[in-house]
Amino acid sequence: MRKQVIAGNWKMNKNLTEAVELVSGLKVKLSGKKYTCDVIICPPFTNLETVSSLTKDTDLQLGAQNMCFQDKGAFTGEISADMLKSVGCAYVILGHSERRTIFKETDEVINKKMKQALSNGLKPIFCIGETLEEREQNITIDVVKRQVTEGLKDISAEEMKNIILAYEPVWAIGTGKTASPEQAQEVHAEIRKLVAELYTKEVADALVIQYGGSVKANNAEELLSQPDIDGALVGGACLTAEDFAAIIEAAK
Ligand code: PGA
């Protein structure tokens with residue numbers, strides 16, 4: 001059985017004071033509550049160290065939102081895997097659609113980052129998903145297959161144990177338009193089938209595939225009850241302790 005994983009992607013939100021407030025609030029909301037899923041929070045770089053010390057005595061795990069594909073050196077403005085690990089990160093979001101579209105990250109760059117993360121002991125939350133235009137052209141599965149195949153190039157079956165995949169239809173991100181549970185399940189099942197072809201059925205069955213795109217407290221349970229949806233990557237709704245805690249509680 002796959003364990004569900006709920007991750008909160010804060011994106012470019014919360015300064016240090018606000019970050020302390022949010023994490024403290026979340027700790028209060030979750031204290032004494034029984035939840036069975038893994039929970040990862042992914043604040044901006046500037047909050048990582050503080051959030052790491054605030055969550056030390058909890059089950060909350062820490063992730064970053066991006067990372068450089070190089071070890072170190074003359075890469076102004078970039079952050080390395082080693083730096084992320086040194087402030088307590090276990091995870092890193094890679095290939096988010098905002099990185100792909102706004103910052104022009106290609107499948108090739110994302111693949112380099114994936115390999116860099118894995119070889120440095122960081123677990124990627126590897127994001128894929130089609131745009132509205134691609135869905136309307138009926139090429140969703142082709143797009144997702146290309147992103148999976150290219151992003152996982154030269155990554156071994158053993159390394160797949162340390163990867164979480166997140167299917168996030170771009171048209172559902174931050175728009176309030178969630179994919180229906182059936183729409184999401186259909187793509188998740190296709191992704192799992194593809195991973196079985198690229199690796200083995202065993203690798204595919206063990207892979208956690210999150211759904212992302214306007215996941216809220218009121219739709220989480222239905223999405224998470226689909227057989228191939230193993231968690232959620234949450235944007236907007238992770239910015240308040242109450243909403244994020246409600247999504248965590250919806251994961252069974
Ligand atoms: P959203 O963002 O929940 O605000 O739609 C999800 C994401 O981009 O990871």
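Biologist: Is the crossing in which α5 passes α7 right-handed or left-handed?

Modeller: This is a predicted model, where local features need pLDDT of at least 70, side-chain atom pairs pLDDT 80 or more, and totals for chains, interfaces and linings use all residues. Residues are numbered from 1 along each chain as its sequence is written, and side-chain values use heavy atoms, without hydrogens and water. With the near helix turned from the far one by less than a right angle, anticlockwise counts as left-handed and clockwise as right-handed. On that convention, the crossing in which α5 passes α7 is right-handed.

Biologist: At roughly what angle do the axes of α5 and α7 cross?

Modeller: Helix α5 covers residues 107-119 and helix α7 covers residues 140-151, where helices are DSSP runs (H or I, at least four residues) numbered from the N terminus. Their axes (lines fitted to C-alpha atoms over the stretch in contact, with angles from 0 to 180 degrees between N-to-C directions) come within 8 Å and cross at roughly 45°.

Biologist: How many charged residues does the contact of α1 with α12 have?

Modeller: Helix α1 (residues 16-30) and helix α12 (residues 241-250) pack at an angle of about 45°, their axes being 9 Å apart, and this makes α1 oblique to α12. The crossing of α1 and α12 is right-handed. From α1 the contact takes in L22, G25, L26, K29 and L30, and from α12 it takes in A241, E242, F244, A245 and I248. By class (Ala, Val, Leu, Ile, Met, Phe, Trp, Tyr, Cys and Pro nonpolar; Asp, Glu, Lys and Arg charged; others, Gly among them, polar), seven residues are nonpolar, one is polar, and the charged ones number two.

Biologist: Which residue has a polar backbone atom 2.6 Å from an oxygen atom of the ligand?

Modeller: The ligand is surrounded by 13 residues, and K11, H96, E168, G174 and S214 are the closest, a residue being near if one of its heavy atoms lies within 4 Å. A polar backbone atom of G235 is 2.8 Å from a ligand oxygen atom, and a backbone N or O atom of G236 also lies 2.8 Å from an oxygen atom of the ligand. The residue whose polar backbone atom is 2.6 Å from a ligand oxygen atom is G174.

Conventions: Helices (H or I, at least four residues) and strands (E, at least two) are DSSP runs, numbered from the N terminus. A polar contact is a pair of N or O atoms within 3.5 Å; within protein, one must be able to donate a hydrogen and the other to accept it, and residues adjacent in sequence count only if both atoms are side-chain atoms. Angles under 35 degrees count as roughly parallel, over 145 as roughly antiparallel, 65 to 115 as roughly perpendicular and the rest as oblique. Contact means heavy atoms within 4.5 Å.
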